[in-house]
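This briefing is for a reader new to the structure shown below. Please look over the sequence and the model first, then go through the points by topic.

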Amino acid sequence: MGNNSQREALPERFRCHPSIILEDIGAFFIVIMIVIIGNVGDELGEIQRGGWQSPDAMFTLWLILGGFIFVFGLFIGIFVRRWSKTFISIVDNTIVWEKNTLNKKKNTIGIKNISNVNIEQNILEMILGTCKVKLDTNSLSTADSTDFKIVLKKSRADLFRKRVMELMNEAEGEESSAETESGQSSVLDIFEEKNYDVTASVLDIFFHGLCSIHIFTVVLAISSVVGIYFTIKNVGGRAGDLLSMLSAIIAIAFVFFSAVYNIAKGFFRYYGFQAKRFQNKIYLRYGLFKKVNYAIPVSKINAVCLNQTLIARICRRYSVELVNVGMGDENQEESSFLLWFNSLEQIREYLNILLPEFEMWEANQKITCEKQPLSSIFVKLFSTVWYILLLAGLIWFFNEFEKNFVLPVCIYGGALLVIMWLNILLSMLNDGVSFGSKYMITIYGRFGKTYKWIAYDKVQYVQLKQNIWMKKLGIIKGNVFVLASLKNRVQNLPFFSTKNVELLKERMLNSPER
Amino acid sequence: MKYEKLSKRALGCMYAATWIGIIIIGGIVAAANFIFFIPGELQIAQTICWCVLGVILIIGIVSPWFRFHRYCYSINDECIDIKEGYIFVERNIVPIERLHKLQTNRGPIDQLFGVAKVIVTTAGGDVVIRFLEVQKAEEIADLLRMRINEAARREKGGEANGEQ
């Protein structure tokens, strides 16, 4: 494949691979089938009652079939036209995507603003020898979606990405150091060479899958099994209840398999994980059923997260995720993954290779962070007073008008109050923030835990909040805003001492850009 | 750091904006009371409605006064610092270097009271300096525009030096 890509040159202006029509049709076919199954059922029932051989029945059947073929043909025509009229070109330091259909569109992306160049390949694309190239720009307005997505033949995709990455390097003022003796750019070679800096074995990924399991998913799976058992037991052999039992079992089984899928996906999503640091980018590749290749410019990384699930906390393992634009901004990409669950020592070693400039913490040093001031517990408990008053009001109301509801309200309302207090307790035990010289570190967690290193120069702005009680107690809380997708844009600052506000401001204003 | 306060016009604008909201919400609550609860003789619902209306009324009188006296802002070479709020005092600190875009805006109520907003956009979201006198808003927008240009020139100069 590598040789093919060397032989083929990237044309000035090109189209997506025709297989994009197949992918579009596939998605459209599913929608059409759902509509047909939903609406034609009634018609078929009518036909069955009137007899299949009657002229009316035959006419209706031909009408449905004809309508289906017409709509399907019409959309194939639209997809083919859209494909034939859509062109991609690299003009100077921009990528231009133009669609010359009825609704004309022309998108121009500045190379300098690209924050991520990704290649993705699902099973269909693996069979067809194509892949998706995704580009993301460092822009807030498009941070929650991929800016640019095209399907190309694998060799052409490699050439396209190589060209884009060379232009990115040039735009960043780097010498085109990617040129090797053979005259071939090493930008492309990174993805083809075997000597990655960090490689995960099958056992590592299995252990990662194990540590990724969330306790709630396990509880959900177990309760589904228990639910099915009791549904079957309650119905016994009564034929009349069999149908309702079957529908209940299907519903519970759906929940069960969703939970099992959530547990299992951790095992195969990161299969074959490899990472390499080369010049100013981190290169990642992983995936079994969906292969992905990421090229992440280090300068576009806004924060680094260390995650622990409950199981990982018990095993003293940490995984690493990045906060940037381009990774994890679509529904199917849940996280911007960097390293699998490992010991702290191992994580530190790998981060020194992949992100040496981050110098997140000194060797042999624990991650230190100030816990929330003890006085914050009063503010947190005070916030539950409203709930207690509401609960008391409800109990009084039902005691006056509907006594049967008093006990359930007491039980469920009381349980919710206990959960609220438990949440406060766990927050006091886990949450914290510290303002280091280069980074602010925030810790957030209940059963699991997340540590976030946010570089001051990547903070766009800070919002601090304080009410009268907090002012009296000398505490404050707030949010830090960074450039990232919606779920990562606002980073929560737990309660901290008011004395640290000026320190935070000073460090944010005086931090040199890395 | 020296913080600047708002002009008296801002107080009028705050009262007008708050009372428009109060008339709409209060109207809905009062309508529900007169249409459903009083004819239905639902005593508890009526009491709750009157309490809600009372609380809304108090908020309408008190909150603009507090917000006006709390509101202050400071702009210097390094950052924009805004303090505002009623029950929660909110403080936004925006480094000047992070500004991407500036916008001045005047809604119908703003126009009535001769005030304007300056919306500053960063890569992490927007921060608004509200209730400024029009002249002041324009001065601030010009000043910030100048700072953004200076920062861009510095960055470009840095890049050029780097290339040399």
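How many residues lie between β6(B) and β7(B) in the hairpin that they form? The hairpin of β6(B) and β7(B) has 2 residues between its strands.

This is a predicted model, in which local features need pLDDT of at least 70 and side-chain atom pairs count only at pLDDT 80 or more, while totals for chains, interfaces and linings use all residues. Residues are numbered from 1 along each chain as its sequence is written, chains are lettered from A and ligands numbered from 1 in the order in which they are written, and side-chain values use heavy atoms, with hydrogens and water left out.

**The hairpin in chain B**

- Strand β6 of chain B covers residues 115-122 and strand β7 of chain B covers residues 125-133; the two pair in the antiparallel sense over 7 bridges.
- Strands pair if DSSP finds at least two bridges between them, and helices (H or I, at least four residues) and strands (E, at least two) are DSSP runs numbered from the N terminus.
- B:Val120 has B:Val127 of β7(B) as its bridge partner.
- In a regular strand the side chains alternate between the two faces of the sheet.

**Salt bridges**

- Over all chains, the structure holds 20 salt bridges; a salt bridge is a side-chain nitrogen of Lys or Arg within 4 Å of a carboxyl oxygen of Asp or Glu.
- One of them joins B:Arg147 and B:Asp77, with the closest N and O atoms 3.1 Å apart. B:Arg147 lies in helix α4 (residues 134-163) of chain B and B:Asp77 in the loop between β2 (72-75) and β3 (79-85) of chain B, so this pair ties together parts that are 70 residues apart in sequence.
- B:Arg147 is buried at 13% relative accessibility, whereas B:Asp77 is exposed at 59%. Buried means under 20% relative accessible area, exposed over 50%, and partly exposed in between (1.4 Å probe, protein chains only).
- B:Arg130 forms a salt bridge with B:Glu84, the closest N and O atoms being 3.7 Å apart. This pair links distant parts of the chain, 46 residues apart: B:Arg130 is in strand β7 of chain B and B:Glu84 in strand β3 of chain B.
- B:Arg130 is partly exposed at 28% relative accessibility, and B:Glu84 is buried at 13%.
- Another salt bridge is between the side chains of B:Lys117 and B:Asp110, at 3.0 Å from N to O. B:Lys117 is partly exposed, with a relative accessible area of 22%, and B:Asp110 is buried at 7%.
- A network of salt bridges links A:Glu502, A:Lys505, B:Asp81 and B:Arg91.

**Helix α17 of chain A**

- In helix α17 (residues 501-510) of chain A, the buried residues are A:Val501, A:Leu504, A:Lys505, A:Met508 and A:Leu509. Seen down the axis of α17(A), these buried residues fall within an arc of 120 degrees, so they line one face of the helix.
- The arc is that of the directions from the helix axis to the C-beta atoms.
- An α-helix has 3.6 residues a turn, so residues three or four places apart point the same way.

**A nonpolar patch on chain A**

- A:Leu22, A:Ile123, A:Leu124, A:Ile127, A:Leu128, A:Val202, A:Tyr271, A:Leu288 and A:Phe289 make a nonpolar surface patch of about 840 Å².
- Patches are made of residues with over 30% relative accessible area and no salt bridge: like charges are joined within 9 Å, and nonpolar side chains (Val, Leu, Ile, Met, Phe, Trp, Tyr) within 5 Å. Accessible areas come from the Shrake-Rupley method with a 1.4 Å probe, and for residues only the protein chains shown count as cover.
- Helix α4 (residues 123-128) of chain A gives the largest share of the patch, 4 residues. A:Ile127 is in this helix and is exposed at 67% relative accessibility.

**Cysteines**

- There are 0 disulfides over all chains; a disulfide is a pair of cysteine sulfur atoms within 2.5 Å.
- The sulfur of A:Cys131 is 11 Å from its closest cysteine sulfur, in A:Cys16, which is too far for a bond. A:Cys131 is buried, at 0% relative accessibility.
- For A:Cys369 the closest cysteine sulfur is in A:Cys305, 13 Å away and too far for a bond.

**Positive phi angles in chain A**

- A:Gln279 is not a glycine, yet has a positive phi of about 50 degrees. A:Gln279 lies in the loop between β9 (274-278) and β10 (281-286) of chain A and is partly exposed, with a relative accessible area of 29%.
- A:Arg316, also other than glycine, has a positive phi near 55 degrees. A:Arg316 is in the loop between α10 (310-315) and β13 (318-323) of chain A and is exposed, with a relative accessible area of 65%.
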